[in-house]
Amino acid sequence: MGLVLALITAFLWSATSIILRRSMIDIGVLNSTFIISIVGIPVAFFFALISGGLNHLLEIEYIPLAYASVAGIINFVGGRFLWYRGIDLIGASRTNSIVATEAMFAPFLAVVLLGEIPPLILTPAALLIFLGAFSISKSGESSNEKLNFNKRKFTLGIVISVMAAIVFTIGALLTKVSVSLIGNPFQAMLIGVLVSSIFLSGTVCIKKESWAGFKGKSRKALLLAALTQSFASISFWSAFSLAPVVLIVPTLQSYPLITLILSYLFIRRLEK
């Protein structure tokens, strides 16, 4: 069941990427990250409620609470902001292919730090992901003239996408630990999304990114992306309660392929 939830997460991540590619042009990365985090609160609250997690929310000890809070900030603030920024710079397909290199780091760290046992197929799978990401990073150079790439922008997008992969690697490990300590993945996610939303609200007030584009089609697209991302988070945190990191993370990295297909179907011009 954990692997099924990971595949559902991969599909929802891909859908979120495609929708955000359109809406962030008008709304901005920081504002998009904030709105998506806010929408995640009622979604997490609902699942925590129906699972009975709200009854014991105030009984959670400080250490599990701290792990869930930090996991929320890492995943919902750091990881998402870098991921969305990468999508904004170089497109959903390229960014997701690079972020997928998380599959090389997270299972290794899970073995070393959490004592998990890796499946035999893990090494060749990680190698294939690395080769795919490397070819994506070179695509900007080989087609720079043809697609009128801004080389500096493309390079920045690659760097930010790699940073997102590293941040999500840490986030995956913290998610696993927090879910294991708390027991209820919806409780853990609710804590994480609440803390991250508080953090982002302060950041949005300081940065004062323009909200002028938050209207019409862009607003509807962002709210739809917020819903797909929120349900992706539900399946993501649930998956870690059912299976180890060494199985969940590589399965999640099927989303670049799904994104590539969806990009071709829906946003081919924006991805050039």
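Residues are numbered from 1 along each chain as its sequence is written, and side-chain values use heavy atoms, with hydrogens and water left out. Because the model is predicted, local features need pLDDT of at least 70 and side-chain atom pairs count only at pLDDT 80 or more, while totals for chains, interfaces and linings use all residues.

The protein has 12 helices and zero strands, where helices (H or I, at least four residues) and strands (E, at least two) are DSSP runs numbered from the N terminus. Along the sequence the pattern reads α-α-α-α-α-α-α-α-α-α-α-α. Of the 272 residues, 53% are buried; buried means under 20% relative accessible area, with exposed over 50% and partly exposed in between (1.4 Å probe, protein chains only). The protein exposes about 13,000 Å², and carbon and sulfur atoms supply 71% of that area. Accessible areas come from the Shrake-Rupley method with a 1.4 Å probe, and for residues only the protein chains shown count as cover. Among contacts between residues at least 6 apart in sequence, 91% join residues at least 24 apart, a contact being heavy atoms within 4.5 Å.

Ser14 lies in helix α1 (residues 2-27) and is buried, with a relative accessible area of 0%. The C-alpha atoms of Ser14 and Thr259 are separated by 4.8 Å, although the two residues are 245 apart along the chain. Leaving aside neighbours within four places in sequence, Ser14 is in contact with Tyr255, Ile258, Thr259 and Leu262. Ser263 belongs to helix α12 (residues 255-266) and is also buried, at 2% relative accessible area. From Ser263 to Ser17 the C-alpha separation is 9.0 Å, across 246 residues of chain.

Ser37 is found in helix α2 (residues 29-50), and its relative accessible area is 0%, so it counts as buried. Not counting residues up to four places away in sequence, Ser37 touches Arg80, Val193, Ser196, Ser197 and Leu200. Helix α4 (residues 92-99) is mostly covered, with eight of its eight residues buried. These buried residues are Ala92, Ser93, Arg94, Thr95, Asn96, Ser97, Ile98 and Val99. In helix α8, Phe154 is buried with a relative accessible area of 6%. Phe154 and Gly86 are 68 residues apart in sequence and 9.2 Å apart in space, C-alpha to C-alpha.

The nonpolar core comes next. In soluble globular proteins, nonpolar side chains tend to be buried together. A nonpolar core is a set of buried Ala, Val, Leu, Ile, Met, Phe, Trp, Tyr and Cys residues joined through side-chain atoms within 4.5 Å. The largest such core holds 73 residues, of which Trp13, Trp83, Trp237, Phe240, Val245, Ile248 and Val249 touch the most other members. Helix α8 (residues 151-182) supplies the largest share of this core, 11 residues. Val249 touches Glu102, Ala103, Ala106, Pro107, Ala172 and Phe240, not counting residues up to four places away in sequence.

On a 1 Å grid over the protein atoms alone, a cavity is a set of points where a 1.4 Å probe fits but cannot get out, and lining residues have an atom within 4 Å of a point. Grid points are joined across faces, edges and corners, and a volume is the space filled by probe spheres set on the points. By this rule there are two cavities of 30 Å³ or more.

The largest cavity has a volume of about 110 Å³. Its lining consists of Trp13, Asn75, Phe76, Arg80, Trp83, Glu102, Phe168, Gln229, Ser233, Phe236 and Trp237. Helices α3 (62-90) and α10 (216-242) each supply at least two residues of this lining. By class, the lining divides into six nonpolar, three polar and two charged residues; Ala, Val, Leu, Ile, Met, Phe, Trp, Tyr, Cys and Pro count as nonpolar, Asp, Glu, Lys and Arg as charged, and the others, Gly among them, as polar.

The second largest cavity holds about 40 Å³ of space. Trp13, Trp83, Val99, Glu102, Phe168 and Tyr255 line this second cavity, giving five nonpolar, no polar and one charged residues.

Conventions: On a 1 Å grid over the protein atoms alone, a cavity is a set of points where a 1.4 Å probe fits but cannot get out, and a pocket is an open set with protein on both sides within 12 Å along at least five of seven lines; lining residues have an atom within 4 Å of a point.
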